[in-house]
Amino acid sequence: MNALFYAVHLAVVGFILAGWIFPATRLAHLVFILLTLGSWYILGIWKGRGYCPLTDWHWKLKEGQGQAKPEGPFIHSLAEKATGRRLSVKGVNQAVEALTWGLALLSLLLNLKDGNLF
């Protein structure tokens, strides 16, 4: 199950990073990124800013398997594994947040240009 969660997580991150590129997936990308932002800021009211249900379930699975719960969100954990360095949770979160807002704006503009919204 841990490998499945990693695969799903990586697919979600990949789609958020690249889903806007292809005209056929732009509307789905916009919906997906808005759901992501909604999770971070609306569910985040109760669960903490930046809340991701997928990360929550993944970390609970790891704990249930007797593994230590990683510090911070999935992207932070992934970035630390990729770089082999200890990274600031706050710094990674700020970078991810800025990139996600930029991609959301880009996706919105491309969907407006493509006539997908009105």
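Predicted model: local features only at pLDDT ≥ 70, side-chain atom pairs only at ≥ 80, totals over all residues.

Reply:
**Packing around H1**

Helix H1 (residues 2-18) and helix H3 (residues 53-64) cross at roughly 160°, and their axes come within 10 Å. Here axes are lines fitted to C-alpha atoms, for helices over the stretch in contact, with angles from 0 to 180 degrees between N-to-C directions. Helices are DSSP runs of H or I with at least four residues, numbered from the N terminus. Residues are numbered from 1 along each chain as its sequence is written, and side-chain values use heavy atoms, with hydrogens and water left out.

H1 and H3 are therefore roughly antiparallel (over 145 degrees). On the H1 side, Asn 2, Phe 5, Tyr 6, Val 8, His 9 and Val 12 meet Leu 54, Thr 55, Trp 57, His 58, Leu 61 and Lys 62 of H3, contact meaning heavy atoms within 4.5 Å.

Now to H4 (residues 74-83): its axis lies 12 Å from that of H1, at an angle of about 100°. That makes the two helices, H1 and H4, roughly perpendicular (65 to 115 degrees). Tyr 6, His 9, Leu 10 and Val 13 in H1 meet Phe 74, Ile 75, Leu 78 and Lys 81 in H4.

Within H4, Phe 74, His 76, Ser 77 and Glu 80 are buried, that is, under 20% relative accessible area with a 1.4 Å probe, protein chains only. The buried residues of H4 pack against H1, H3 and helix H5 (89-114).

Technical notes. Parallel < 35°, antiparallel > 145°, perpendicular 65-115°, else oblique. Buried < 20%, exposed > 50% of the residue type's maximum accessible area, 1.4 Å probe, protein only.
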